[in-house]
Amino acid sequence: MSYLVFEQVTKVYGAVEVVAPFDLDVPEGELVAFLGPSGCGKTTLMRMVGGLEPPSSGQILLRGERLKKPDRRRGMVFQSYSAFPWLTVAQNVAYGMRYRRDLSAAEKEEQVQHFLALVGLTDFASEWPNRISGGMRQRVAIARTLAAGSEILLMDEPFGALDAQRREFLQLELRRIQQEEGKTVIFVTHDVEEAAFLADRVIVFTRRPARILAEVDVTARLGASRTLELREGTDFFGLRNELLHYVRSTASEEEGTA
Amino acid sequence: MPSRKAIIGTASTLSVLLAWEWASRSGLVSERFLPAPSTVLATLWSMIFGRDLLYHAGISTLRVWGAFTLAALMAVPIGIAMGSFRWVGAALEPIVDFIRYLPVPALVPLSIIWFGVGEGTKIFLLWLGTFFQLVLLVADDVRRVPVEFHETAMTVGAPWWRRLTDVSFPSMLPTLVDNMRITLGWCWTYLIIAEIVAANSGLGFVIWQARRFFQTPEVMAGVVTIGIIGLATDQLVRALHRRWFGYLVR
Ligand SMILES: Nc1ncnc2c1ncn2[C@@H]1O[C@H](COP(=O)(O)OP(=O)(O)OP(=O)(O)O)[C@@H](O)[C@H]1O
Ligand SMILES: [Mg+2]
């Protein structure tokens, strides 16, 4: 049975059509990157999957069930920093598991330590979110969402505020977690290279209203395992350049209509 | 080293006091109308022993805190409900808004008819003056909790009632404490009205008694006592705020 399916999904805000009838099939365990110009409707699509916004028409199905209210099956890393200021870094990460009954207190504590280490925040465990940098706050949100153990991760430009080194590390880690735990990920990014390196499949969007401009099957061309060597190879460059062309075409479209 | 702000503050307060002292001592204004600060201070000291000033201050403080606690305990849950559920807000807002605009002194006669001249009237009037203000402030603060916080909670599986306790409440708590500090100040205004009209104890009563015998220094000493209690409470709550909500400091 198909896993996550968008069926003729649209979103209209007042008179503004943000998402045109949109169809997409995401198989279980796939990492899909959404690449598109600013304001084209990527966040809107993610919010509809998360159940935070209803589609104006059409539907989104998970294993044939129509998705409505938000729940723990779909975890979200928001584009804006969403760490709770009244909880410490560690408590924020633990918050991801607050409503889970399948874990004991000791297991939760262990998970907190694990995810803190993963995002490199062990030394900041007892710090307040307001006292750390924006990039670190974003890592708190990532760790919290991973700790929640959702089967679908919706990540809205999660690595945008991070430095290049931390970014590359987390790209590899996300890819590893996704492969090991079979998670399905929708990943929004503006960065062509990030999309090519991370995703099994890249969806390039047109300008608003969001339509699919191109679909690139990365795994068919580069394989499922991603390493830093791969990133320096010619195959990767070819793919990156191809995506870049698509992205440029949406930009020139913009100049044409402006 | 004291800050520049503290130095300016102290200096200006001292100059006002000195000018006042000089005005009364030099006979520019009659001591009968404006006793010198030193006289007021001496009177205050003697009232502690001669007029049970501390007892009356204690009674007044208890009344303020009692009524205020009652108002806050009711306003917080009701305000959270009003701010969280549109229909609760729509149902209660008209009534609350109406009562909020009623001047408390205008309700003194009604309150005496209902509750007599005992503690009931005082508690009722103070509650009236604070509950309806506080409940609207709480409702507004709840509405201002960032949506991302609620959405984060929803996507980690928080049921709606846990969002009230785990997100809305902690998120608005710092503003709530600030609002409480301000409303607590208003309580004293209503208390003095209530104690002047219907009481045989409390600072309002002491001031009113002193007025009858034209004891201006005692009247002023009573007023100063209220000022001191108010200032001390305010500073205490501010200190607690800094301590509890240190996480807000960037
Ligand atoms: N609640 C709303 N009401 C009205 N318009 C909205 C609303 N939310 C989004 N929009 C509009 O919908 C369009 C798409 O927004 P969206 O946030 O989905 O874009 P995006 O692709 O995520 O952009 P970015 O890359 O800048 O994050 C924008 O033009 C935005 O102004
Ligand atoms: Mg966006």
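Good morning. I begin at ligand 1: helix H1 (residues 42-50) of chain A gives the largest share of the shell around this ligand, 3 residues. Helices here are DSSP runs of H or I with at least four residues, strands are runs of E with at least two, and both are numbered from the N terminus. The model is a predicted one, in which local features need pLDDT of at least 70 and side-chain atom pairs count only at pLDDT 80 or more, while totals for chains, interfaces and linings use all residues. Residues are numbered from 1 along each chain as its sequence is written, chains are lettered from A and ligands numbered from 1 in the order in which they are written, and side-chain values use heavy atoms, with hydrogens and water left out.

Let me stay with the ligand. How many residues surround ligand 1? There are 13, and the closest are Ser38(A), Gly39(A), Thr43(A), Thr44(A) and Arg208(A); a residue counts as near if one of its heavy atoms lies within 4 Å. By class, this shell has 3 nonpolar, 7 polar and 3 charged residues. In this scheme Ala, Val, Leu, Ile, Met, Phe, Trp, Tyr, Cys and Pro are nonpolar, Asp, Glu, Lys and Arg are charged, and the others, Gly among them, are polar.

The distance is 2.8 Å for Lys42(A), 2.5 Å for Thr43(A) and 2.7 Å for Arg208(A). On its own, ligand 1 has 630 Å² of accessible area, and the protein covers 64% of that (Shrake-Rupley method, 1.4 Å probe).

A cis peptide bond joins Arg208(A) to Pro209(A), with omega at about -5°. Pro209(A) lies in the loop between strand E9 (201-205) and strand E10 (212-217) of chain A. Elsewhere in chain A, Gln8(A), in strand E1 (residues 4-13), has a positive phi of about 50° although it is not a glycine. Both cases deserve mention because most residues other than glycine have a negative phi, and most peptide bonds are trans.

I turn to chain B. It has 10 helices and 0 strands, and its C-alpha trace spans about 75 × 55 × 30 Å along its principal axes.

How many residues does each chain bring to the contact? Chain B gives 21 and chain A gives 26, where contact means heavy atoms within 4.5 Å. The area buried between the two chains is about 2100 Å², and carbon and sulfur atoms give 63% of it. Buried area is the accessible area (1.4 Å probe) that two parts lose on being put together, summed over both. Of the area that chain B buries against chain A, 33% comes from Thr155(B), Val156(B) and Tyr247(B), more than from any other three residues.

Between the chains there are 2 salt bridges, a term for a side-chain nitrogen of Lys or Arg within 4 Å of a carboxyl oxygen of Asp or Glu. One salt bridge joins Arg98(A) and Asp166(B) at 3.2 Å, N to O. On the side of chain B that touches chain A, the elements that give two or more residues are helix H7 (147-155) and helix H8 (160-197) of chain B. H7(B) gives the largest share of that side, 7 residues. By class, the side has 11 nonpolar, 5 polar and 5 charged residues.

Finally, the structure holds 34 salt bridges over all chains. One within chain A pairs Arg63(A) with Glu28(A) at 3.6 Å, N to O. This pair links distant parts of the chain, 35 residues apart: Arg63(A) is in the loop between strands E4 (57-62) and E5 (65-66), and Glu28(A) is in the loop between strands E2 (16-26) and E3 (31-35). Thank you.

Conventions
A polar contact is a pair of N or O atoms within 3.5 Å; within protein, one must be able to donate a hydrogen and the other to accept it, and residues adjacent in sequence count only if both atoms are side-chain atoms.
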